[in-house]
Amino acid sequence: MSSNLCRLLNRDVKYVLQKRYFLGMSKESKNEEPTEIANFEDDEIETPQINRNKSGLSTAHWNRFHNRRPYEEAQSWIHLTEKYQRKMFGLYGFESKVNPRICFPIKSDIEAKMRYDKIAEPYTLKDMINKAKEEKERQRQQVLKRDEEVAQKMEKLDEWKRELKAKIAKKEADVLAAKQRKERLVEEVRRHFGYKIDPRDERFKEVLAQKEKEEKKKLKEAKRQAHEQKLMSKIVGSTSQK
């Protein structure tokens, strides 16, 4: 409303001045010399500066928008804390009306921080550097040891392959021998009866179990004899060396 009033006043003043100027020129052209006419157009018209908050914002938000401290006086206990005061000085500087000395720790704060650091970090920087070096060296030695073990095992890889192939061949041979032995026993049982008989027959199963028992006894005896023979050969070899 004040700006509209100023524009209207400026327009009216301009019109009056122009009218007076042209009337004066017509009179002076006849009788008098031209005289200097005051220029009121350039004069500033003082208008009242009214600082109004029409935004509907709260005082705190309005002050923040205009880069001012939100509150002139403390509204809560939080506004009296050192953390809040330091924040206000950091944001608004000396306009925050905060004593800058509050931004620096006092002697008791420094001592408390030193006590905390002594408990939380008991080692000095030199100790931590030495500890880091020792840990790095331990990890390096561990890697070297692991590489050495891998290299040794790689040297034995061919030997392990041969052993594995020998075990597989032996197992296959044992399975084949057991299968052949089973077939031979079945054939002996059939020859025992003199005719083909169903393997599910109880008589067949009974005779087959007896044959298997005899076969196991023979194998056991053969192993015992082989062991005795091996032992005797060792004894003979030891006596011959003496």
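# A tour of the helices and their salt bridges

Select Arg86 and Glu82: the two form a salt bridge, with their closest N and O atoms 3.5 Å apart. The model is predicted. The pair sits in helix H3, 4 residues apart, so about one helical turn separates Arg86 from Glu82. Colour both by accessibility. Arg86 is partly exposed at 31%, and Glu82 is partly exposed at 41%.

Now zoom out. Show the protein chain as a cartoon: 7 helices, 0 strands. Trace the sequence and the pattern reads α-α-α-α-α-α-α. Of the 242 residues, 10% count as buried. Next, contacts with a separation of 6 or more: residues 24 or more positions apart account for 26% of them.

Go to His79. Find this residue in the loop between helix H2 (59-65) and helix H3 (82-92). Is His79 buried or exposed? His79 counts as buried because its relative accessibility, 12%, falls under the 20% cut-off. Display its surroundings. Leaving aside residues up to four places away in sequence, His79 touches Tyr71, Ala74, Tyr84 and Gln85.

Move on to helix H4, residues 107-120. Select Asp117 and Lys113. They form a salt bridge, and the closest N and O atoms are 2.9 Å apart. The spacing is 4 residues, so about one helical turn lies between Asp117 and Lys113. Both side chains are partly exposed: Asp117 at 29% relative accessibility, Lys113 at 47%.

Next stop: helix H5, residues 125-155. Pick Ile129, which lies in this helix. Its relative accessible area is 39%, so Ile129 is partly exposed. With Ile129 they form a nonpolar patch on the surface, and together the four have about 410 Å² of accessible area.

Finish in helix H7, residues 202-241. Select Glu221 and Arg224. Their salt bridge has its closest N and O atoms 2.2 Å apart. Glu221 is partly exposed at 32%, as is Arg224 at 39%. Salt bridges with shared partners link Glu221, Arg224 and Glu228 into one network.

How many salt bridges does a search of the whole structure find? The count is 8, and the pairs visited here are among them, including Arg86 with Glu82.

Notes. Residues are numbered from 1 along each chain as its sequence is written. This is a predicted model: local features need pLDDT of at least 70, side-chain atom pairs count only at pLDDT 80 or more; totals for chains, interfaces and linings use all residues. Side-chain values use heavy atoms; hydrogens and water are left out. Patches are made of residues with over 30% relative accessible area and no salt bridge: like charges are joined within 9 Å, nonpolar side chains (Val, Leu, Ile, Met, Phe, Trp, Tyr) within 5 Å. Accessible areas come from the Shrake-Rupley method with a 1.4 Å probe; for residues, only the protein chains shown count as cover. A salt bridge is a side-chain nitrogen of Lys or Arg within 4 Å of a carboxyl oxygen of Asp or Glu. Helices (H or I, at least four residues) and strands (E, at least two) are DSSP runs, numbered from the N terminus. Buried means under 20% relative accessible area, exposed over 50%, partly exposed in between (1.4 Å probe, protein chains only). Contact means heavy atoms within 4.5 Å.
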